[in-house]
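I opened a new notebook page for this chain. Here is what I looked up, in the order I went.

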Amino acid sequence: MPRTMMRILATLALATASAFPAHAQEASGKRILIIAQLAAGTGLDIVARTYAERLSQRLGRPVIVENRPGSAGLATAEGVLRAEPDGSTLGVMSSSILAIRPTMFKKPPYDPVTDFIPVSHYLKSPFILVANPKLPVKNVAELIQYLKANKGTVSYASPGPGGAPHLAGEYLKQIFDVDMNHVAYRNSPQAIGDVAAGHIPLTFAEAGASLGLIRDGALRALAVTSTTRLPTLPDVPPFAEAAARPDFEAVSWHMLVAPSATPRAIVDHLHAEMNRIMADPDMKARITGHGLLPIEPPPVDVARNYIGSEIAKWGALVKSLGLAGSI
C-alpha cells in the first residue's frame with residue numbers, strides 16, 4: 001500500500017477515535033450506576049428507573065438505579081463525588097440537594113456548581129396549593145384577600161423546615177405580602193392528611209400524593225406553583241394566571257448529574273441520549289401521569305447556570321428565615 005494512502009487511513013482512524021470517546025466507553029461494557037437521592041417508589045425514583053431502562057437499550061450497557069435516601073441528600077452527593085469521572089456513575093438529584101441545602105449546611109460538603117456537571121435537566125415537580133374545603137376561599141385572589149383580612153391567624157402545613165413545600169409557602173408570603181403561620185410535620189402524607197381532615201387549612205402538596213383527595217373533594221386545589229398547568233389537573237391554574245404574577249414559580253426539579261471532571265464528550269453524548277429519551281411521547285406521558293412536568297432538557301451550560309440562579313433565589317429566602325447554617 002502506498003505510504004500516502006497509509007497516512008490517510010491512519011489520520012482517519014485517529015480522527016474517528018478522538019471524535020467518539022463516549023462510544024469507546026460504551027464499548028467497554030462497563031455498567032452505569034445511577035444513584036437516586038430519594039427512596040424507591042417516589043416520583044424521582046420511578047422516572048429514573050424508566051429512563052434508565054431506555055438508556056441501557058440505547059447504550060448497550062447495563063444501567064442500574066440505586067437508592068440512597070436520607071442524610072439530607074449527602075449519601076447521593078458523596079457517592080457521585082467519590083466516583084471515577086468516566087460516565088459510569090451518575091446521580092439523580094432534586095432542587096433540595098442542589099439549590100436549597102447548600103445554604104442550610106454549616107459547612108457545605110460539596111459545591112453544586114463546581115463539583116457536578118448537569119447531564120440532563122428533564123423535569124419540574126410543581127406543588128399544588130390545596131385547602132380544606134371549609135376554608136371560605138375558592139381561588140387565589142380570594143385567599144390573598146382572606147389572608148390580609150385575617151393577618152397571622154391562618155396556618156399552613158409542610159413536611160418540615162427548609163423543604164421545598166415550606167419555602168413555597170414562604171415565597172407566597174413574600175410575593176403577595178401576606179402572613180401565615182408555618183406548622184412543620186414529619187412527612188408530607190401527614191401534612192396533607194391533616195389538611196383533608198380539617199386540622200389545618202392549607203398546604204403545598206405534591207400532585208401524586210394529593211390528586212385522589214382533590215378528585216374526591218376532600219381537598220380544594222387553588223393553584224399550581226409551576227408557570228404552566230398540570231395535565232393531570234387542567235382546570236387548576238398556575239399562580240401566573242390566578243394572581244397575574246408571571247414571575248411566580250416555586251417548583252422542585254430533577255437533574256441527572258455527573259462528577260465535574262467527567263470528559264465533556266461523554267457528558268454531551270449522555271445528554272444527547274437523554275434528549276432523545278425525553279422527547280418520546282410515551283416517556284412524556286409517563287412523567288405527566290405522576291403529576292410531574294417533562295421539559296425539553298436545556299444545554300449543559302444552561303442547566304448549570306440554572307442551578308446557580310436557583311441557589312441565589314432559594315438561598316436568599318433560606319437566609320431571611322434564619323435557616324442558613326442550620327444543619
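Predicted model: local features only at pLDDT ≥ 70, side-chain atom pairs only at ≥ 80, totals over all residues.

For charges, I counted Lys and Arg as positive and Asp and Glu as negative, leaving out His and the chain ends. I placed each charge at NZ of Lys, CZ of Arg, CG of Asp or CD of Glu. On that basis the chain has 31 positive and 27 negative charges, and their mean positions are 2 Å apart.

Numbering runs from 1 along each chain as its sequence is written, and side-chain values use heavy atoms, without hydrogens and water.

Next I checked burial (buried is under 20% relative accessible area, with a 1.4 Å probe and protein chains only). Of the 327 residues in the chain, 50% are buried.

Then I looked for helices (DSSP runs of H or I, at least four residues) and strands (runs of E, at least two), numbered from the N terminus. I found 13 helices and 11 strands.

Two strands pair if DSSP finds at least two bridges between them.

I zoomed in on β5 (residues 127-131) and β8 (residues 202-206), which pair in the antiparallel sense over five bridges. Which residue in β8 is the bridge partner of Val-130? I found Thr-203 there.
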